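Take the model shown here and follow the chain through its helices.

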Amino acid sequence: MRGEVLHYDETQGFGFITGADGNRYGFARENLRRETSIAKGTLVEFQPGGGKARDVFSIDAKAADAPAAPAPSQPGHAPETPKPQHFGRSAEQEPAAGTGLWNYFWRGLTENYFNFAGRARRKEYWGYCLFWAIALLVIGGFGVFIDDAMGNLDELPAVTVGLCGLFLLATVLPWLGLNVRRLHDIGLTGWLVLLVLIPTFGSLIILVFALIPTQASENQWGPVPASVRAQ
């Protein structure tokens, strides 16, 4: 698969690649086919598997080794300069992925359901929280309507409790992943999400972390999220 290097730290020997499929893959120095300098924006080929990139090598370096074939030109026309390929956040299709609040919520429940890697900006965090709260109110209201029709409101509103409980269980993993990525976005380890286990104060600390602006530079957890101005 082809991809583009988003970040590579030569000192620590790790980095990230965005593949042509739009997914991000981590790689380490031992995954490089040969010891070469891999800079941000380098086009590479690799073997994907389990969120990791293996047998990574630079397409640019491969092209440099091959003899250049002269391109045919027509009279009066200058030879066309090939356009660089970009994938992921640098691709021309990137705006189609959407950075709206609903898009962040939907991706949180689909492609980011088990995602504990990378970074999440404040807009992604609060967009998810907004639509999560709206969805919980809608599900709860639907449950109350059914319980009222069944005459359960005077006793135990079993339908309401059941529906809300299922929704909470179904969204606990994406919520944890979102908080881990939000911590990564401000340069902190995702293990701090365990502070939520501290009654009252833990949730307040996580809330404060969620309000801190994005670290506007690459860090060990990945590049700056889309639509955030990097330094």
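Over residues 158–178 of this predicted model, the chain is 100% helix and 0% strand. The stretch is one of three that the unreviewed UniProt entry marks as "transmembrane region", the others being residues 125–146 and 190–212. Residues 125–146 are likewise 100% helix and 0% strand, with end C-alpha atoms 32 Å apart.

Helix α5 covers residues 158–185. From its first C-alpha to its last, this helix of 28 residues reaches 40 Å, which is close to the 40 Å expected at 1.5 Å a residue. Where does α5 have a kink? The kink, of about 40 degrees, lies at valine 172, shortly before proline 174. Just after α5 comes glycine 187, which takes a positive phi of about 85 degrees.

Next, consider how α5 packs with α4. The axes of the two helices are 9 Å apart, and the angle between them is about 175 degrees. Angles over 145 degrees count as roughly antiparallel, so α4 and α5 are roughly antiparallel to each other. The residues of their contact divide into 19 nonpolar, five polar and six charged.

Helix α4, residues 122–150, also packs with helix α3, residues 101–109. Here the angle is about 80 degrees and the axes are 8 Å apart. Because angles of 65 to 115 degrees count as roughly perpendicular, α3 and α4 are described as roughly perpendicular to each other. On the α3 side, the contact is made by residues including Trp102, Tyr104 and Phe105. On the α4 side, Tyr128, Phe131 and Trp132 are among them. The residues of this contact between α3 and α4 comprise ten nonpolar, two polar and two charged.

Notes:
Residues numbered from 1 in each chain as written. Predicted model: local features only at pLDDT ≥ 70, side-chain atom pairs only at ≥ 80, totals over all residues. Heavy atoms only, no water. UniProt positions renumbered as here; feature names shortened; annotations may be inferred. Helix = DSSP H or I, 4+ residues; strand = E, 2+ residues; numbered from the N terminus. Axes fitted to C-alpha atoms, helices over the stretch in contact; angles between N-to-C directions. Parallel < 35°, antiparallel > 145°, perpendicular 65-115°, else oblique. Contact = heavy atoms within 4.5 Å. Nonpolar A, V, L, I, M, F, W, Y, C, P; charged D, E, K, R; others polar. Expected span 1.5 Å × (residues − 1). Bend = angle between axes of the 7 residues up to and from the residue.
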